[in-house]
Amino acid sequence: MSSKWPLWRPVAMLAMAAAVLVSGNSYTAPITPAFAADPPATTAASADKPSLALNDELGPYYGDVLADWRQKGYKPASQAAIRIPGTALTAQAPQKLAAEGSYEGKSGVLVWKSDRDNWIEYEVDIAQDGLYEMALAYHPYNEANQASTQSVGRQPAVLGMQIDGQYPFREARALTFRRKFKDEFPLKQAANGDDIRPRPVELKQWMNEPLMDAAGGYSTPFQWYLGKGKHKLRISGSTPIVIEALTLKPPASLPNYEQAKAASKSSNANPSAAVPVIQAEQASWKNDLGIQMVANQDPLSLPKTSGYIRFNTLGGDRWATGGQSAAWTFEVPESGMYKIAMRSFQGFASNKAVFRTIAIDGNVPFQELLEYRFPYSFKWKGAVLSQENGEAFQFYLEKGTHTLSMTATVGPFQPIIVQGERVINLLRQVDEEIRAMNGGQVDKNRTWKVDAEFPELPKQLEEAKAQLTQMKDMMLQANKARDNTVQTMETALQDLAGYLKHPNEIPYHMDDISSMIERLGGIREVLVRSPLQLDQIYIEPAGGSLPKMEANLWQRVSGSVRNFIYSFIRKEDINTVDEDTLNVWVNRSRDYVNLLQELVNESFTPQTGIRVKVNLLPNENLLVLANAAGLSPDVALGQPQDKSTDFAMRNALLDLSQFPDFQQVAKQFAPGAMLPFYYNQGYYALPETQSFKVLFYRKDILNRLRLTIPDTWTDVYNMLPTLQQNGYNFYMPPTDSLPFFYQNGAEFFSKDGMRSAMNVPEAFKGFKQWTDLFNIYALEKQVPNFFQHFRKGDFPIGVADYNTYVQLTVAAPELAGWWGIAPMPGTKQADGTVARWAAGGQTTGFIYKSSKHPKESWEFLKWLVSSDTQVRYGTDLEAFNGIAFRWSTANIDAFTKLPWPKDDLKVILEQWRWYKEIPNLPGSYFLTRELGNAWNRTVVNGMNDRESLEEAIANLDREMVRKQQEFGFVNSVGEVLRTLDLPQVTQPWEGVNPYVR
């Protein structure tokens with residue numbers, strides 16, 4: 001135990017033990033591991049609830065499994081291909097969602113209308129053991145009445161493949177079967193002359209695709225070992241698909257360039273038989289909505305921008321994920337040998353190469369094009385597909401139509417990514433052992449004898465150092481250049497060498513090792529991205545000459561000057577709006593504003609004839625100044641949830657409940673979400689986005705401690721001794737009192753809205769529960785950044801919101817697969833149910849009373865918050881900008897159609913039932929202030945909890961009366977003239993039920 005073991009910890013442990021005994025529940029760590037091979041059986045009562053059990057470990061990587069198979073002498077199979085019709089099922093899940101039918105011109109196919117976790121199974125008899133490839137002939141499934149713009153019709157099918165009840169490797173858990181899309185041409189232009197981003201249209205066609213890595217980690221199809229005899233192939237998933245057949249065949253053998261050239265025809269085409277230049281942005285198809293056209297101002301990019309937004313290139317950061325493909329169709333005028341070049345930009349990550357798998361007519365011609373390298377360059381370059389010696393590849397093309405496709409791959413970096421995970425796991429073990437040794441406290445006054453007492457620590461660091469050295473060498477070999485990732489590895493190697501030089505000082509470096517894990521984890525984020533931007537593609541006869549593809553210095557300078565001048569010429573005044581145009585102000589970044597304007601121009605205006613000008617509002621406080629100056633817009637979006645009632649109290653907003661269809665629109669949202677918008681018998685806003693609070697947990701740490709996920713706060717109390725004895729803790733935001741009041745049946749305000757309602761036993765109980773977490777159960781009073789602590793591991797479990805979810809997904813790649821979410825801990829009720837009331841925060845839209853177009857503004861607001869619009873807006877935001885722009889819509893129907901992982905969606909929907917915000921009333925801003933003061937008096941100063949809350953209640957009531965007098969609800973002598981009569985939300989929202997499967 002550390003010499004600085006905090007004095008409060010023994011006291012806290014005794015208090016927690018006493019609390020457990022008083023509650024009648026003794027705590028016992030689970031005997032079985034948290035990662036179980038099969039999920040526990042569910043009772044009828046729990047079957048509809050999201051599972052709270054931890055998932056099993058992901059298993060080994062495909063590369064390691066394949067290497068093991070080869071080491072064992074398993075060879076590629078040589079028998080003829082085996083075709084299994086899609087309808088030849090031997091078993092399927094009890095839901096019976098798969099049936100024989102007809103689809104898109106084919107009969108006798110399997111229509112699998114999967115909408116939840118289920119499976120189908122085939123049996124295959126293998127005559128010769130060996131390695132096989134698999135391919136699936138399929139068609140993406142769409143409901144007959146489903147618009148192609150809806151998200152459900154845009155997401156790929158993600159399926160798992162088990163052989164004889166086991167996933168052979170981790171990548172087999174998520175095999176992606178994509179759709180194909182094509183952007184609509186010609187491009188439309190906005191009133192100001194800028195291009196409008198085109199609408200992608202799905203190309204509905206049958207496809208036959210090999211089973212490959214969804215993330216592009218391997219450039220060839222997976223190989224599967226099957227021994228002689230019968231095997232069961234189980235396909236599992238929760239997305240619908242139509243299956244024509246599953247084919248098993250021997251792995252294909254791909255020649256190198258010299259072999260392919262020798263085997264092909266070699267007649268030369270006429271040098272004048274050039275293929276017309278292909279504009280890369282006009283792709284024939286793409287398999288991911290994330291691949292987008294990009295406006296570029298380089299002087300040689302065509303068409304020229306001339307000061308306008310012209311979508312004249314393809315890709316860049318919007319074509320950076322492994323497995324994303326784009327293709328171009330072209331006509332060859334004469335059979336013969338051709339060379340291929342493209343005008344490309346690859347300057348996104350300094351000194352890091354990216355790779356593409358290049359195919360012609362669906363086939364990769366030779367090995368060198370499986371992972372073709374595009375080296376880093378800070379400017380646009382002409383890239384001729386060439387050998388390492390610089391000699392251009394020659395392709396024999398028959399006269400007629402051909403297709404060139406390029407697929408992003410990170411194959412050369414995949415072994416480095418896997419190696420990095422091994423290094424991080426080793427360092428994480430060291431970090432955990434150090435925390436167990438020193439109680440999570442670095443004490444440099446304590447002397448350690450690591451060599452004698454903890455000899456495993458230096459051995460683990462030596463192993464990490466050796467593997468990191470190998471990782472660095474692999475990176476240099478794959479990338480052919482030193483980049484930032486290599487520098488990160490070298491810095492870590494120097495640090496490890498320093499720790500090993502003085503092994504008795506290793507415990508002093510606990511925080512340094514945690515930081516090292518973060519830095520090395522960031523390498524994966526860099527390696528899995530493969531951005532490439534294309535302008536033009538040239539297919540020229542082998543003997544012909546290629547055009548100039550790089551701008552010279554004069555062209556670059558003159559182009560920059562022209563663009564600078566255009567920026568002044570096209571300057572727009574956002575206040576200049578026609579009287580017949582709705583003026584909408586949005587308190588979000590430019591990306592959100594531009595996309596909304598495009599969507600309005602494409603959908604809302606053509607449907608309604610109402611013109612809309614969407615403007616960027618850089619600061620929400622400008623609304624107050626604008627309102628005072630009489631310059632208010634018609635509609636304001638992206639506003640905090642308390643802003644609407646602030647304006648409504650001052651008679652500045654339109655009461656939305658006056659519209660006859662308001663109730664129908666409001667049904668799309670949780671009743672508890674509408675509470676902040678209610679004031680004086682009316683509703684003054686609608687929610688756009690809605691955050692959520694859930695329980696985040698680290699699977700690896702809870703598994704090591706043999707802890708299960710808590711369902712109630714009593715479960716949290718029970719797990720805290722184990723956490724804290726091992727140097728960990730549970731996180732609960734110290735400022736979040738709402739769950740403890742609502743879960744104990746208390747309200748913050750009376751039903752008439754005229755006073756506080758906390759002077760009741762339920763409220764005092766909730767306040768004590770809140771403060772006891774920090775007084776008795778020793779939760780940390782100040783945690784500046786839960787995300788960082790969760791990432792390091794010292795807070796392996798805690799309550800946080802949507803922002804933490806996105807941060808972990810985007811910025812903590814080293815934790816991929818090692819964290820999860822569960823419903824927030826709740827309070828058990830008398831009837832046995834668990835109340836999980838919690839809030840989350842919302843952004844809203846409202847209409848100004850001064851608007852000259854109130855009906856048109858209402859039509860716009862209705863359209864904006866509708867399911868179809870929210871799905872399209874959210875899908876496009878994420879497709880254009882990545883998961884960091886995940887749109888957390890408040891419309892539950894739209895939320896379920898956005899690409900949330902199915903397991904996470906179950907958790908969020910369960911928590912959505914219990915969503916409930918605090919009403920906004922005159923003087924209610926004092927609530928947060930006074931509860932915070934009460935918490936400080938009790939937790940920091942040691943004041944009795946009941947006395948502290950009573951003081952807060954008195955101060956709150958006094959301020960509410962003062963504001964009620966200001967707004968005419970109470971006269972000068974304290975008589976109530978009229979009441980606010982708040983809506984009451986006491987039951988979980990049943991509107992979630994249709995979406996829970």
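1. N484 lies in helix α7, which covers residues 484–501; helices here are DSSP runs of H or I with at least four residues, strands are runs of E with at least two, and both are numbered from the N terminus. At 48% relative accessibility, N484 counts as partly exposed, a class that sits between buried (under 20% relative accessible area) and exposed (over 50%), with a 1.4 Å probe and protein chains only. The C-alpha atoms of N484 and N351 are separated by 7.8 Å, although these residues are 133 residues apart along the chain.

2. A word on the basis of this note: the model is predicted, local features need pLDDT of at least 70, side-chain atom pairs count only at pLDDT 80 or more, and totals for chains, interfaces and linings use all residues. Residues are numbered from 1 along each chain as its sequence is written, and side-chain values use heavy atoms, with hydrogens and water left out.

3. For the chain as a whole, there are 26 helices and 39 strands, and 55% of the 997 residues count as buried. Among the contacts in the chain with a separation of 6 or more, 79% are accounted for by residues 24 or more positions apart, where contact means heavy atoms within 4.5 Å.

4. K480 is exposed, with a relative accessible area of 56%. A second case is D164, whose phi is near 55° and whose place is in the loop between β7 (157–163) and β8 (175–177); D164 counts as partly exposed at 41% relative accessibility.

5. The backbone also holds cis peptide bonds, including the one from F185 to P186, with omega near 0°, and the one from L302 to P303, with omega near -5°. P186 is placed in the loop between β9 (181–183) and β10 (200–202), while P303 lies in the loop between β17 (293–295) and β18 (311–316). As background to these points, most residues other than glycine have a negative phi, and most peptide bonds are trans.

6. A search of the whole structure finds 59 aromatic pairs, a pair being two rings of Phe, Tyr or Trp (its six-membered ring) with centres within 6.5 Å, called stacked if the planes are under 30 degrees apart, edge-to-face if over 60, and tilted for the rest. One of them is the tilted pair of F345 and W380, with 5.8 Å centre to centre and 40° between the planes. F345 lies in strand β20 (residues 336–345) and W380 in the loop between β22 (372–374) and β23 (381–384), so the pair ties together parts that are 35 residues apart in sequence. F345 is buried at a relative accessible area of 16%, and W380 is buried at 6%.

7. The pair of F393 and F395 is edge-to-face, because the ring centres are 6.5 Å apart and the planes stand at 70°. F393 counts as buried at 2% relative accessibility, and F395 counts as buried at 5%. Elsewhere, F692, F696, Y802, Y805, W819, F895, W900 and W912 form one aromatic cluster.

8. Charges over rings deserve a separate point, a charge being counted if NZ of Lys or CZ of Arg is within 6 Å of the ring centre and within 35 degrees of the ring normal. The charged end of K106 sits over the ring of W206 at 4.9 Å from its centre, and R446 lies over the face of W448, at 4.1 Å from the ring centre.

9. S644 lies in helix α12 (residues 643–648) and is buried, with a relative accessible area of 0%.
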